[in-house]
Each structure stands twice: as C-alpha cells, then as structure tokens.
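Hi,

Here is the structure I promised to pass on.

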Amino acid sequence: MSGWVAVAGLGPGSAGLVTPDVAAALEEATDIVGYGPYVVRVAPRENLRLHASDNRVELERAALALSLAAEGRKVVVVSSGDPGVFAMAAALFEAWENGPSSWRELDIRVLPGITAMLAASARAGAPLGHDFCAINLSDNLKPWSLIERRLRLAAEADFAMAFYNPRSKARPHGFARVLEILREVCGPERPILFARAVFTPEEDLKIVRLADARPEMADMRTMVILGSSQTRLIMRDRGPILYTPRWSE
Ligand code: SAH
C-alpha cells in the first residue's frame, strides 16, 4: 500500500507556469481527479485514469481522491492556479478530517502553483508591490454581508485588492454593488485592472479609472485588481505599467 494524494496547482494556463514538481507528480500519477476543464489540461496516456467532475462537487471529488489513495493508487487532484487559493486543497482536508479514521495517516501532499492574482499582477507590472489582500467575491460559501464588510474595511485600510470570482452568470449583480462600494470609499480616480484569461491565448488586459469600470468588464475568467491610494499608472506606447511602490506614508 503505497498510495498517495497530491493536490497540485496547474498555474493560470500556460505550460511554462506549471512547476517541475507538479509536472513530476503528474508523470508518476495513476489517477487524475478534478473539475473537467482542469483535467483536460493533463496529457492523457495509457494506464492513466482521468476522473473529471462537475463544478461545485468539491467534497465528493475529495472523498474519491482519498479513497483511491487508500486503495494504493497515486492520485493527483488538479486545481488551476494554486490549490490552496479558493480551490481543492482545503476541500480535501475538510473531507479528510470528517472521513473514516483509516484515512488519518494517508500520504497527502500539497504542491503549490502560480495563482491567478500573481500571474495577473505580473502582466500589468507590480500592483501588489506593497500590502494587499485577496477576496473571493462569490457568495456560494459565505453570506454577501460578509463580503461587503471585508471590502469596506480593506478599502478603508488602503490595501491594494485582488478579487477572485468577480462575476458569473449565476451572480450577475453582486459585482456592480462591489464597484459602487469601492467608488464610495476610494473615489473615482483609483486604477483598477481587469485581467482576463492571463497566460492563455485569450488573454486580455484592461486598466481603467474606478469611475469608468463597468460590471461587464469582468467574467468568471477575470482577475480584478484594485490599486491602493499609492498605486501608479504610467502610460507608454508599449502598454501601461501599473505598480505600487514598496513604501507607504
Ligand atoms: N485556485 C485558483 C483560483 C480559483 S477561483 C488560483 O489560484 O488561481 C477561480 C477564479 O480565479 C476565476 O474566477 C478568476 O477570477 C481567477 N482566475 C483563474 N485563472 C485565471 C486566469 N488565467 N486569468 C485570470 N483570472 C483567473
């Protein structure tokens, strides 16, 4: 019985941003478990079993991975970006903690990946160069009132902010409200980055003033980054640079 589970991050999209450790685990694996669009990013080969599942069944998916490992299989659970950021690593530990005691000593590893926030930030310059926070704007797993409270307090504390899951077909209105709150606290001139599908062929970057930001600029493939009061937007022919100096007054 030498089974294991590795929860691995595939990065934002390009092969170059998959770490060598993740590539090695994928090569050793007997089973790949994950949300369909992430599983298709793994090259199929003989004797590699692919277990693709739907969105929003994280605990079932985690239980499947753990029981396969308990049978002696070598399982990689794939996430996009980093598996510890709004993704499968925490779901796996939740299923593990509440699962049978025979799972307690299983070999579980978390293999980090490059999260969307860092990939998007790199494309625009260095907007997260000083203190920042990351907020998931989906209210699937928390009340909307908590999102509003965190937004407001983070804006008042003058953090730069990275927003995951800004807007989806199922949640078309929340992001409009987010922009309203941010305008109220941060004013109209604050730069905001919409980074869609970074490190994929569909990549698209827009940087606008908060006053000109519209909800339709974001979808489920977009990372939104709001600057702090110190963030600089510098226009040039080769494309704008957005960066936050390392210091603050
Ligand atoms: N674990 C992932 C995040 C999962 S939440 C990570 O670490 O990146 C899914 C959200 O991540 C999306 O709604 C979007 O906001 C962001 N995202 C993921 N991949 C992205 C990409 N290539 N470009 C821009 N945003 C991305």
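This is a predicted model: local features need pLDDT of at least 70, side-chain atom pairs count only at pLDDT 80 or more; totals for chains, interfaces and linings use all residues.

**Helix H7**

Start with H7, which runs over residues 174-186. It has 13 residues and reaches 18 Å from its first C-alpha to its last, close to the 18 Å expected at 1.5 Å a residue. Its buried residues are Gly-174, Phe-175, Val-178, Leu-179, Ile-181, Leu-182 and Cys-186. If you look down the axis of H7, these fall within an arc of 165 degrees, so they line one face of the helix. And what covers them? The cover includes helix H6 (144-156) and the strands S8 (160-164), S9 (191-196) and S11 (222-226).

**Salt bridges**

Glu-148 counts as buried because its relative accessibility is 18%, under the 20% cut-off. Arg-177, at 27%, is partly exposed.

Arg-177 also forms a salt bridge with Glu-180, where the closest N and O atoms are 2.7 Å apart. Both of these residues lie in H7, three residues apart, which is about one turn of the helix.

Another one to look up is Arg-209 with Glu-189, with 2.6 Å between the closest N and O atoms. This pair links distant parts of the chain: Arg-209 is in strand S10 (residues 204-209) and Glu-189 in the loop between H7 and S9, 20 residues apart. Glu-189 is exposed at 52% relative accessibility, while Arg-209 is partly exposed at 34%.

Going back to Arg-177, shared partners join Glu-148, Arg-177 and Glu-180 into one network.

**Rings**

The count of aromatic pairs comes to four. One of them is Tyr-35 with Tyr-38, edge-to-face, at 5.2 Å centre to centre and 85 degrees between the planes. Phe-86 and Tyr-164 also pair edge-to-face, at 5.1 Å and 70 degrees. Phe-86 sits in the loop between strand S4 (74-79) and helix H4 (88-97), and Tyr-164 in strand S8, so the pair ties together parts 78 residues apart in sequence.

Two arginines lie over ring faces as well: Arg-109 over Trp-4, at 4.5 Å from the ring centre, and Arg-123 over Phe-199, at 3.9 Å.

Cheers

Conventions: Residues are numbered from 1 along each chain as its sequence is written. Side-chain values use heavy atoms; hydrogens and water are left out. Helices (H or I, at least four residues) and strands (E, at least two) are DSSP runs, numbered from the N terminus. The expected span of a helix is 1.5 Å times one less than its number of residues. Buried means under 20% relative accessible area, exposed over 50%, partly exposed in between (1.4 Å probe, protein chains only). The arc is that of the directions from the helix axis to the C-beta atoms. Contact means heavy atoms within 4.5 Å. Rings of Phe, Tyr and Trp (its six-membered ring) pair if their centres lie within 6.5 Å; planes under 30 degrees apart count as stacked, over 60 as edge-to-face and the rest as tilted. A charge sits over a ring if NZ of Lys or CZ of Arg is within 6 Å of the ring centre and within 35 degrees of the ring normal. A salt bridge is a side-chain nitrogen of Lys or Arg within 4 Å of a carboxyl oxygen of Asp or Glu.
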